[in-house]
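Thanks for coming, everyone. Let me put the model on the screen, and then we'll walk through it.

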Amino acid sequence: MASPRTVTIVALSVALGLFFVFMGTIKLTPRLSKDAYNEMKRAYKSYVRALPILKKMGVSSILLRKSIGALEVACGIVMTLVPGRPKDVANFFLLLLVLAVLFFHQLVGDPLKRYAHALVFGILLTCRLLITRQPEEQPSEKRILLVNGDEQPLAHEAAPEKGKVKVS
């Protein structure tokens, strides 16, 4: 049976992956929602206007929107389908992307309701990353300490409990 930690990681990976595939697709094409696509176009134009350095670097609102959308779709697919270490890498890139998007929203002065979803999903990405970085607990009967090549139980397991006498 899978551990609760594994179930949590898989559930977060699939949910986050599908969300970012969906959001990235909206940035790339109007097929899912024409209104949402047009709103993304308008928003990215305001981001580029608010950050003139992007214009100087030759980054248009179209290039920025499509780059972020493509990265979201690619990382979302990895988070959903690819096992192992690539999920953590995709998680990290999505977290950086969410931080950039939050920066853009703050830059143009958007109200909280416009970027609350990015904040929530950034927190979820952070939680998933922290959970995957924690070592998995081993059952207590398998925990041993090697001393001079001999296996011995860990100190807290070898010591008798308070109030109890150890009888050999």
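Which residues have the most contacts inside the largest nonpolar core? Keep in mind as we go that this is a predicted model. The residues are Phe 20, Leu 64 and Leu 125, and the core they belong to has 31 residues. Where does that core come from? Helices H1, H2, H4, H5 and H6 each supply at least two of its residues. H5 gives the largest share, with eight residues. As a general point, nonpolar side chains tend to be buried together in soluble globular proteins.

Take Phe 20. Skip its neighbours within four places in sequence. What is left? Phe 20 is in contact with Glu 72, Val 73 and Gly 76, with Leu 94 and Val 98, and with Phe 121 and Leu 125.

H6 runs from residue 112 to residue 133, which makes 22 residues. At 1.5 Å a residue, H6 should span 32 Å. Its end C-alpha atoms are 30 Å apart, so the two values agree.

Look at the spacing with the helix repeat in mind. An α-helix has 3.6 residues a turn, so residues three or four places apart point the same way.

Leaving out residues up to four places away in sequence, Leu 124 touches Leu 12 and Leu 16. Leu 124 and Leu 12 are 112 residues apart in sequence, yet their C-alpha atoms are 7.6 Å apart in space.

Last topic: the largest pocket. Its volume is about 340 Å³. The lining has 19 residues, and the closest to the centre are Met 23, Met 40, His 105, Arg 114 and His 117. Which helix gives the most to this lining? H2, with six residues. H1, H2, H5 and H6 each supply at least two. By class, the lining has 13 nonpolar, two polar and four charged residues.

Key:
Residues are numbered from 1 along each chain as its sequence is written. This is a predicted model: local features need pLDDT of at least 70, side-chain atom pairs count only at pLDDT 80 or more; totals for chains, interfaces and linings use all residues. Side-chain values use heavy atoms; hydrogens and water are left out. Helices (H or I, at least four residues) and strands (E, at least two) are DSSP runs, numbered from the N terminus. The expected span of a helix is 1.5 Å times one less than its number of residues. A nonpolar core is a set of buried Ala, Val, Leu, Ile, Met, Phe, Trp, Tyr and Cys residues joined through side-chain atoms within 4.5 Å. Buried means under 20% relative accessible area, exposed over 50%, partly exposed in between (1.4 Å probe, protein chains only). Contact means heavy atoms within 4.5 Å. On a 1 Å grid over the protein atoms alone, a cavity is a set of points where a 1.4 Å probe fits but cannot get out, and a pocket is an open set with protein on both sides within 12 Å along at least five of seven lines; lining residues have an atom within 4 Å of a point. Grid points are joined across faces, edges and corners, and a volume is the space filled by probe spheres set on the points. Ala, Val, Leu, Ile, Met, Phe, Trp, Tyr, Cys and Pro count as nonpolar, Asp, Glu, Lys and Arg as charged, and the others, Gly among them, as polar.
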